[in-house]
Amino acid sequence: MDLLLTGGTGFFGKALLRHWQAAHAVGGPVPTVIVLSRDPGSFLARHPEFAGQPWLRFHAGDILKPVSLPTDAPFTHILHAAADSTLGPQLTPLQRYTQIVDGTRHLLDYAAAHRVPRFLLASSGGVYGPQPQDMAQLPETHHGMPDPLDARNAYSVAKRCAEHLCALYAQQHGLQTVAARCFAFVGRDLPLDAHFAIGNFIRDALTRPQITVSGDGTPVRSYMDQRDLAHWLEVLLRDGQAGQAYNVGSDRAIGISELAHQVRDLLALGDCQV
């Protein structure tokens, strides 16, 4: 497999790179990977463990600038996971929408022009919109959706539009497109100072006398380890059925309040309250 990976320096990307790094260390099969990054030098300075890997190269480019995409590599697969999820709240809703939709279209144009047959989109469980109270788990056949008239839904609506673009390019150009609808994750690369509840709980448990829970603690989430995320993304990249979407996430639900207490009990070094 010759892979172009976008979003390779973010949470999803680092999960994949660590997955393949571990496989390579024991002689397992790994793809040849080129990571598209706006600033490869800064990333490698922060993560020198990824420098000098024989299966890995970096290319300076931007999904919003098609002319910056690589022109001399014969890829067999594209995994498009680029989106500023961590910095997303710093963007306007229109900026988030534009980044996701235009970036996806540019990568699909690239796949069509360079005859890259397989395309995996890292989408989101947010495409389903609010989960019905009587539905324990969202099946891929659920046709709910976020309200497109609410600007706060820019991320989820954009991911839905990106999935539709995949369907259009599959029909027009014969691309084998697959969507991974990703939910919530946790792992060593999760930011502890962003808008992720479990990351903030871990930070509080390690450094503060109290874990702060915003709201009443009743919302329910599920968390998959980023190592499992990487495994399933690779499975879908290789074997996902073209034209299909797959939920990627844990099937174990946990309330936010219970999660805060669990993090405290596992990690707190002293007398930490919730």
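Predicted model: local features only at pLDDT ≥ 70, side-chain atom pairs only at ≥ 80, totals over all residues.
Colleague: OK, salt bridges. How many does a search of the whole structure find?
Modeller: The search finds 7. A salt bridge here is a side-chain nitrogen of Lys or Arg within 4 Å of a carboxyl oxygen of Asp or Glu.

Colleague: What does Glu-49 form a salt bridge with?
Modeller: With Arg-18, and the closest N and O atoms are 3.2 Å apart. That links distant parts of the chain, since Glu-49 is in the loop between helix 2 and strand 3 and Arg-18 is in helix 1, 31 residues apart. Helices (H or I, at least four residues) and strands (E, at least two) are DSSP runs, numbered from the N terminus.

Colleague: Is Arg-18 buried or exposed?
Modeller: Arg-18 is buried, because its relative accessible area is 14%. Glu-49 has 29%, so Glu-49 is partly exposed. The cut-offs: buried is under 20% relative accessible area, exposed is over 50%, and partly exposed is in between (1.4 Å probe, protein chains only).

Colleague: Which residues are linked in a network of salt bridges?
Modeller: Arg-18, Glu-49 and Asp-189.

Colleague: And what about Arg-181?
Modeller: Arg-181 has a salt bridge with Glu-163, with 2.7 Å between the closest N and O atoms. Arg-181 sits in strand 6 and Glu-163 in helix 4, 18 residues apart, so this pair also links distant parts of the chain. Both residues are buried.

Colleague: Where else do Arg-181 and Glu-163 turn up?
Modeller: In the lining of the second largest pocket: there are 17 lining residues, and Glu-163, Ala-167, Arg-181, Gly-243 and Ala-245 lie nearest the centre. Helix 4 gives the most to that lining, with 6 residues. For the term itself, on a 1 Å grid over the protein atoms alone, a pocket is an open set of points where a 1.4 Å probe fits, with protein on both sides within 12 Å along at least five of seven lines; lining residues have an atom within 4 Å of a point.

Colleague: Switching to aromatics, how many pairs does the count come to?
Modeller: The count is 7 aromatic pairs. Trp-20 and Trp-55 make an edge-to-face one, 6.5 Å centre to centre with 75° between the planes. Rings of Phe, Tyr and Trp (its six-membered ring) pair if their centres lie within 6.5 Å; planes under 30 degrees apart are stacked, over 60 edge-to-face and the rest tilted.

Colleague: Why does the Trp-20 and Trp-55 pair tie together separate parts?
Modeller: Trp-20 lies in helix 1 and Trp-55 in the loop between helix 2 and strand 3, so the parts are 35 residues apart in sequence. Trp-20 and Trp-55 are both buried.

Colleague: What makes a surface patch here?
Modeller: Leu-192, Leu-206, Leu-266 and Leu-267 make a nonpolar one of about 340 Å². Patch residues have over 30% relative accessible area and no salt bridge, with like charges joined within 9 Å and nonpolar side chains (Val, Leu, Ile, Met, Phe, Trp, Tyr) within 5 Å. Areas come from the Shrake-Rupley method with a 1.4 Å probe, and for residues only the protein chains shown count as cover.

Conventions:
Residues numbered from 1 in each chain as written. Heavy atoms only, no water.
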